[in-house]
Amino acid sequence: MCPNNTGNSRVSTPPTAPPAAAVTPPPYAPQPMPNFAPSVPIVSKPKQWSSGLCSCFEDFSSCITTCLCPCITFGQNAEIIDRGTTSCVGAGLVYYLLAHVGCCCLYSCTYRKKLRGLFGLKEEPCADFFLHCCCHCCAICQEYRELQNLGFDPSVGWLANINRLSRDGAMMAPSTMATTGMAR
């Protein structure tokens, strides 16, 4: 074998690690992340939705609101699903702008997935994306009803729900979440 390694050799030298003294710690101590874990235990077997996809008339007022202006209902849902880190107005405005270019379902289906993940719901009757593409208003209404059946009132916002739940003794989220959320 040639010592100049012209490519004919199969012997390679292992890479060497830098000396331990060369690694310096960061100039600041890492900060702990706030607890954004779901307050509902993750179940191994997904559970059924509390109402059907086409049960829109169970809550007639949210059905009419969603049919006339889905950005309102979507914004209310998003604020609760994101636990106050997204405002109703902000999420509704993004939805409204995306609706004008025809891709609001790309945005809204992500919140359905978040809702399912938080509460261990089944992905039915089909994938979230296809559901939001084909039955958009029905999907948003179903998500709104699901939040209501879980004890939330999406129409009043995250902070009002946290205040009510803590007053009733059924606190579902860490108290730090209530202080960092956005108000209406």
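Trainee: Which helices do the buried residues of α6 pack against?

Mentor: This is a predicted model, in which local features need pLDDT of at least 70, side-chain atom pairs count only at pLDDT 80 or more, and totals for chains, interfaces and linings use all residues. Residues are numbered from 1 along each chain as its sequence is written, and side-chain values use heavy atoms, with hydrogens and water left out. Helices are DSSP runs of H or I with at least four residues, numbered from the N terminus; buried means under 20% relative accessible area, exposed over 50%, and partly exposed in between, with a 1.4 Å probe and protein chains only. The buried residues of α6, among them His136, Tyr144 and Leu147, pack against α1 (60-68), α2, α3, α4 and α5.

Trainee: Why is α6 described as largely enclosed by the rest of the structure?

Mentor: The helix has 14 residues. It is largely enclosed because the buried residues of α6 number ten of the 14.

Trainee: Which side chain makes a polar contact of 3.0 Å with that of Asp128?

Mentor: Asp128 is found in helix α5 (residues 128-134) and is buried, with a relative accessible area of 6%. A polar contact is a pair of N or O atoms within 3.5 Å; within protein, one must be able to donate a hydrogen and the other to accept it, and residues adjacent in sequence count only if both atoms are side-chain atoms. The partner of Asp128 at 3.0 Å is Arg116.

Trainee: How many disulfides does the structure hold?

Mentor: A disulfide is a pair of cysteine sulfur atoms within 2.5 Å. The sulfur of Cys71 is 3.1 Å from that of Cys69, its closest cysteine sulfur, and so too far for a bond. Likewise, the sulfur of Cys133 is 3.3 Å from the closest cysteine sulfur, in Cys105, again too far for a bond. The number of disulfides is zero.

Terms used:
Helices (H or I, at least four residues) and strands (E, at least two) are DSSP runs, numbered from the N terminus. The expected span of a helix is 1.5 Å times one less than its number of residues. Contact means heavy atoms within 4.5 Å.
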